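Biologist: I'd like to go through the holes and the metal site in this one. Can you put it up?
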Amino acid sequence: MTGTRVNEERLLSRLRALGQVGRDAQGRLCRLACTDADKAGRDQFVRWLRDAGLEVQVDRIGNVFGLWRTHESTDTPILIGSHLDTVINGGIFDGSYGVLAGLEVIETMKAQGVAIKHPLAVASFTNEEGTRYSPDMMGSLVYCGGLGVEEALASTGNDGTVLGAELARIGYAGAAEPGFLKVKAYLELHIEQGPILELEGIPIGVVENLQGISWQRVIIEGTANHAGTTPMSMRRDAGYAAARVITFLHDQACASTTATVATVGSISFAPNVINVIPSRATFTVDLRNPNERELKADEAIFGQFLERLAVELGVNLSVERLSRTEPVTFDPRMLSMIEEAARRDGLATKRMTSGAGHDAQMIVRIAPAAMIFVQSTGGISHNPREHTPDPDLVAGANILLQVATRLASE
Ligand SMILES: [Zn+2]
């Protein structure tokens with residue numbers, strides 16, 4: 001190991017402290033976007049930004065930035081970011097690790113008086129998880145101009161709330177226009193959320209691309225009728241139709257020679273009664289593939305299946321697109337910098353595709369970007385058992401430090 005190191009004590013203690021902020025009555029970590037719990041997490045982050053002497057800025061979609069600039073630096077910062085919101089009963093590392101490591105890196109550089117040509121900024125993007133409001137990765141999407149800020153603020157949550165009103169209520173409807181920082185390069189450090197690094201005993205993942213993600217909501221309308229008196233041949237059973245869709249998606253993905261994965265993760269029936277044939281099934285479809293052409297083909301095949309199914313079962317089908325992101329490729333030069341930094345620290349690396357969505361895939365539209373992964377024990381995430389060993393957390397932050405220092409001094 002060479003050169004400056006992060007303060008591992010400070011990084012780890014902040015991660016653990018933030019992991020206690022925003023827990024519900026049952027002790028679950030639930031910092032859903034723009035809730036009181038999210039506010040508590042944001043407030044803690046802002047206190048740390050101020051303690052570190054960083055300039056705090058909040059934009060209109062609620063993204064929070066901590067900025068370090070010097071008289072000598074340009075106005076094109078190196079941005080390090082991720083998110084502080086969580087799913088329901090989430091873990092303490094997803095998102096928070098990247099944000100707090102970003103803060104740690106900047107605080108370290110500032111304390112060491114590193115000569116920078118470009119300012120350093122750390123960002124926490126609003127509503128990355130998409131648990132309460134769609135689409136997910138909203139703050140970074142708005143930041144890069146992929147979604148209008150007014151449209152995003154008007155989003156209605158699954159609890160009936162409006163994002164803009166909630167953001168104002170918790171005090172994070174900022175004044176800065178999204179995109180106000182002209183980013184020179186973007187870095188995101190994240191837990192892998194998959195099992196590969198741990199299985200292969202490799203500490204550092206170098207993320208070269210990201211799967212495209214297609215989210216749709218399907219509503220199937222049939223006819224509610226008596227479960228006992230309606231002959232099987234006379235049913236328009238929305239529940240059965242939904243089951244056929246789920247089976248089709250699973251079989252199709254298993255049989256595919258591509259890297260496609262398909263999931264129906266949320267479903268509800270109406271009237272949802274034991275002795276009534278469902279008149280309506282509402283469910284979500286999550287399709288992912290790292291190749292845009294293949295993902296488009298997966299969507300087309302699924303669409304054709306739905307049309308055939310509607311005719312076969314005599315049900316009405318409607319499909320709503322919730323979000324769609326294209327696969328992305330990260331900056332080859334920055335990937336090499338990550339590998340060089342790891343080599344200097346004596347750490348093995350592996351090039352990877354991210355199976356999960358990340359803010360980096362939005363910011364890559366406006367700046368060269370790269371991601372670093374560290375191990376997730378057992379591949380578990382979005383779960384309180386989410387875990388990364390301390391040495392891996394520290395190692396990842398030190399790689400981030402080296403790459404940020406190099407980018408900032410170019
Ligand atoms: Zn995340």
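Modeller: One definition before the linings: Asp, Glu, Lys and Arg count as charged, Ala, Val, Leu, Ile, Met, Phe, Trp, Tyr, Cys and Pro as nonpolar, and the others, Gly among them, as polar. Also, this is a predicted model.

Biologist: Fine. How does the lining of the second largest cavity divide on that basis?
Modeller: Into 2 nonpolar, 3 polar and 3 charged residues. The lining is made up of Asp38, Arg42, Leu84, Asp85, Ser124, Phe125, Thr126 and Asn127.

Biologist: Which residues line the largest cavity?
Modeller: Phe248, Leu249, Gln252, Ala253, Thr260, Ala262, Leu287, Asp298, Ile301 and Phe302. By class, that lining has 7 nonpolar, 2 polar and 1 charged.

Biologist: Which helix gives the most to the lining of the largest cavity?
Modeller: α8, with 4 residues. α8 spans 238-255, and both α8 and α9 (292-313) supply at least two residues of that lining.

Biologist: On to the metal. What are the protein donors of the zinc ion?
Modeller: His83 and His190, each through NE2, and Asp94 through OD, at 2.0 to 2.2 Å from the zinc ion. Along the chain the donor spacing reads H-x10-D-x95-H.

Biologist: Where do histidine 83 and aspartate 94 sit in the chain?
Modeller: Both are in the loop between β3 (78-82) and α3 (96-112), 11 residues apart.

Biologist: Are histidine 83 and aspartate 94 buried or exposed?
Modeller: Both histidine 83 and aspartate 94 are buried.

Biologist: Which strand gives the most to the lining of the largest pocket?
Modeller: β10, with 6 residues. By class, the lining has 9 nonpolar, 22 polar and 10 charged residues.

Biologist: And how much space lies in the second largest pocket?
Modeller: About 200 Å³. Of its 16 lining residues, Pro135, Leu141, Leu147, Leu322 and Ser323 are the closest to its centre. The elements giving two or more residues there are α5 (149-153) and β11, and β11 has the largest share, 4 residues. The lining splits into 7 nonpolar, 5 polar and 4 charged residues.

Biologist: Last topic, the packing. Which residues touch the most other members in the largest nonpolar core?
Modeller: Phe45, Met109, Leu120, Leu187 and Phe330, in a core of 98 residues. Helix α12 (residues 390-409) gives the most to this core, with 10 residues.

Biologist: Take one of those. What does methionine 109 touch?
Modeller: Leaving out residues up to four places away in sequence, methionine 109 touches Trp68, Val114, Ile116, Leu120, Leu401, Ala404, Thr405 and Ala408.

Methods. Residues are numbered from 1 along each chain as its sequence is written. This is a predicted model: local features need pLDDT of at least 70, side-chain atom pairs count only at pLDDT 80 or more; totals for chains, interfaces and linings use all residues. Side-chain values use heavy atoms; hydrogens and water are left out. On a 1 Å grid over the protein atoms alone, a cavity is a set of points where a 1.4 Å probe fits but cannot get out, and a pocket is an open set with protein on both sides within 12 Å along at least five of seven lines; lining residues have an atom within 4 Å of a point. Donors are N, O and S atoms within 2.8 Å of the metal (3.2 Å for Na, K and Ca); water is not among the atoms, so sites may look incomplete. Buried means under 20% relative accessible area, exposed over 50%, partly exposed in between (1.4 Å probe, protein chains only). Grid points are joined across faces, edges and corners, and a volume is the space filled by probe spheres set on the points. A nonpolar core is a set of buried Ala, Val, Leu, Ile, Met, Phe, Trp, Tyr and Cys residues joined through side-chain atoms within 4.5 Å. Contact means heavy atoms within 4.5 Å.
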